[in-house]
Amino acid sequence: MLTPWRVRRARAYVLAAIAAVLTGTVSSYLYRRPPPPAPDPAPVAEEVSQQTRSFSLSKTLGENTLYTITAEQVTNFENTGQALLRNVAVVIYGKDGSRRDRIASPECYYDPAASSIWIPGDVEMQFTIPQPGTMAGGADAPATAISIFTSRLSFEQSTGLASTDAPVRFVLPQGEGRSQGAAYDPGKQILTLKAGVSFQFRGDAGAASAREPVVVHAGTAHLVRETGKAVLEHSVAVARGPQRIRAARGEIALDAGRRVRQMTLAGGVAATQETTNAFLQANAESGTLLLEPNGRMRSLTLKERVSWQMARPGGGNRREGAAQEVSLLFRDADGLLERLQAWREVRMSFHRGPEAAAGGGEQSLSGGAAELFPAPGSNQLQEATITGAPRLELLPRSAGAEQHTVTGDVFRIRLNESGELSRFQASGNVRLVA
């Protein structure tokens, strides 16, 4: 008979044997069983006929490549015949291969049948303006780049024309601006900003910035790449601080360094500058505005039937003038008028307001040239020098009173705070006629 201790020991041996048999059976089954099949690839949408990893297309004219279109991934749609391009770039070289204009977007649609590209989302365009001259070693001087950010852009393969009606933001080395819509014609090398153009001129990066930037507005603008000029049309306005200049059209010319330094204006130019104590207005048929590197207005030269007026706000004494050519020079510190220079057929008159003392009338000055100086920090005329056979006429208020005329070689006058003639000095062949 087995003792209890031996019974327990025998039971343990039996359980171990059963476990070994089960382990061997399971291992043998798993070893003989085939591995599970690999998962099926993600199904492709029914309208997608083909997907590729890269795409490249170019157009040539003779031996020159006009443009290239590249993309990192392409999805072709069978039902529309179009292709979805991702991370696409269009590089435009031009007919002679001298350009490297670039259009880039994360995604666009390519239609081979219509030979067109449609970019519904964000797009960046970069256009270069060649800079004349060469650097040391014979290398070409660097070009000026214009970056344009917009959306909803179309590109035509046959013409290379890129166009959008969406809002546009453009960046130049000296500033940035906005417009509603833009178009680029590579054949004519013209970038057109379609409507509502505004540009803020900050000045050169290395120059001390002006306190207030010059802001330019225009109905439309055309940037001609070959000449580096921007033609402004349909009402042009230039503003900086208290200064306002308006014209029917204008043109921005770049200097040898491709910097904005000059604007020409035409079609009824009107310039105003208003302070708390004086108002200045000048009108002419055409004008030229010069800008400093820091972006401030340096001078405005007006030509053809020029007239100007200086007055106090609310009326009172008024100074008027006319000439065939006038230059307004502005101060660097505050941008206010520093002096006014006039040439050819200069005429000036000083009108006394109703509050002026009785006994005096209007004073009229004429000559070949004049230089006027306003009071510090004001547009109020304070001093003037007239040359070129100057002539002063003192016109009486009442009929029958004496009229005096003074002639000479040089006149120097000074006005008091009320704008009245307070000092008159004539030299060289002076003559008084009553």
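Buried means under 20% relative accessible area, exposed over 50%, and partly exposed in between (1.4 Å probe, protein chains only). This is a predicted model: local features need pLDDT of at least 70, side-chain atom pairs count only at pLDDT 80 or more, and totals for chains, interfaces and linings use all residues. Residues are numbered from 1 along each chain as its sequence is written, and side-chain values use heavy atoms, leaving out hydrogens and water.

View 1. Rings of Phe, Tyr and Trp (its six-membered ring) pair if their centres lie within 6.5 Å; planes under 30 degrees apart are stacked, over 60 edge-to-face, the rest tilted. The count is 4 aromatic pairs. Tyrosine 67 sits in strand β3 (residues 64–71) and phenylalanine 155 in strand β8 (residues 144–156), 88 residues apart. Strands (E, at least two residues) are DSSP runs, numbered from the N terminus. Tyrosine 67 and phenylalanine 155 are buried.

**View 2. Phenylalanine 170 stacks with phenylalanine 199.** The centres are 6.3 Å apart, with 15° between the planes. Phenylalanine 170 lies in strand β9 (residues 162–172) and phenylalanine 199 in strand β11 (residues 190–201), so the pair ties together parts 29 residues apart in sequence. Both are buried.

**View 3. Strand β11 pairs with β10 and with β12.** Two strands pair if DSSP finds at least two bridges between them. Strand β10 (residues 175–185) runs antiparallel to β11, joined by 9 bridges. Glutamine 180 has alanine 195 of β11 as its bridge partner. Strand β12 (residues 214–224) also pairs with β11 in the antiparallel sense, over 9 bridges.

Notes
Helices (H or I, at least four residues) and strands (E, at least two) are DSSP runs, numbered from the N terminus.
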